[in-house]
Amino acid sequence: MSVTRRQVMGGMLAMGLSGLAFSQGGTQPIKAVTDATFPPMEFVENGQRTGFDIELVEAIGKVLGRPIEWTDVDFKGLIPSLVSKRADIAVSAIYITPERAEVIDFTKPYLAGGLVAMVRADNTTIKTPADLAGKRISVQVGTKSVQWLREHIPSAELIEVEKNQQMFNLVDIGRSDAAVTGKPAAFQYARTRGGVRILEQQLTTEEYGIAVRKDLPDLTKAFDAAIEQLKANGEYNALVQKWFPTTII
């Protein structure tokens, strides 16, 4: 039986991944925290966590031969969970930022995203990001949305809430004029619920990364290598096609 170069390289990569995984805990569970309230990235359906991030990390765990042990944490508590060593990784549509990278490590970017503004479909006063000035804007506490609005739209009145759904509900009932959040969640809500629209001009372009404790550098390397393997064998692309319409990502 002939062996192709790709098969040889795949075998070498698998051996390397096994070594990295062993050096950072063998077959022990990887402790992961997430805020599963951000569809389609992570959410709960029929009592089970699901979404792009969840399935990606589970696939990485299979590549590394290590189960994933999930814990739900509010978004603002994700990074502190790593700093205090209560968890090994955090995955919850987390943007890679210099401030976060000071206290935790990130994998290489695994998905492109960015901030967008969502308003009610019958709102005729907000057409561009500049129109957000002086408006009531709902945001999730601890997210990049808060920082961006304070820096770029300082006259906006921010209504900070704990959960993504609360943010959208405030727009629905007219308590806020707009919500600023990540592109995947905004488009998912607009597509499934209706009655809202997304401003055409995106506010920012960001990249998502899996956050890892700084004292686990080999785990970060193992995750990077596993993601590359999933891209090479087609599993990553299958997840993208499953969770995101081609018009969004």
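Three strands form an open sheet in the order S2-S3-S4, and their pairing is antiparallel. The model described here is predicted. Strand S2 (37–38) and strand S4 (48–50) are the edge strands. Each of these two pairs on one side only. Strand S3 (residues 42–45) runs antiparallel to S2, and 2 bridges join them. Thr37 stands opposite Phe43 in S3. In general, strands of a sheet pair through backbone hydrogen bonds, either parallel or antiparallel.

The parallel sense is found in another part of the chain. Strand S10 (residues 136–140) pairs in this sense with strand S11 (residues 157–161). The pairing extends over 5 bridges. Ile137 has Leu158 of S11 as its bridge partner.

Aromatic contacts were examined next. A search of the whole structure finds 7 aromatic pairs. In the pair of Phe52 and Tyr236, the ring centres lie 6.1 Å apart and the planes stand at 80°. The pair is therefore edge-to-face, since an angle over 60 degrees counts as such. Phe52 belongs to helix H2 (residues 52–64), whereas Tyr236 belongs to helix H9 (residues 235–243). The pair therefore ties together parts that are 184 residues apart in sequence. Phe52 and Tyr236 are both buried.

Phe52 also forms an aromatic pair with Phe244. Here the distance is 5.1 Å centre to centre, with 55° between the planes. This pair is tilted. It too links distant parts of the chain, with Phe52 in helix H2 and Phe244 in the segment after H9. The two residues are 192 residues apart. Phe244 is buried, as is Phe52.

These contacts belong to a wider set. Ring pairs link Phe52, Tyr95, Tyr110, Tyr208, Tyr236 and Phe244 into a cluster. Tyr236 has a further neighbour in Lys231. Lys231 lies over the face of the Tyr236 ring, at 5.2 Å from the ring centre.

Conventions. Residues are numbered from 1 along each chain as its sequence is written. This is a predicted model: local features need pLDDT of at least 70, side-chain atom pairs count only at pLDDT 80 or more; totals for chains, interfaces and linings use all residues. Side-chain values use heavy atoms; hydrogens and water are left out. Rings of Phe, Tyr and Trp (its six-membered ring) pair if their centres lie within 6.5 Å; planes under 30 degrees apart count as stacked, over 60 as edge-to-face and the rest as tilted. Helices (H or I, at least four residues) and strands (E, at least two) are DSSP runs, numbered from the N terminus. Buried means under 20% relative accessible area, exposed over 50%, partly exposed in between (1.4 Å probe, protein chains only). A charge sits over a ring if NZ of Lys or CZ of Arg is within 6 Å of the ring centre and within 35 degrees of the ring normal. Two strands pair if DSSP finds at least two bridges between them.
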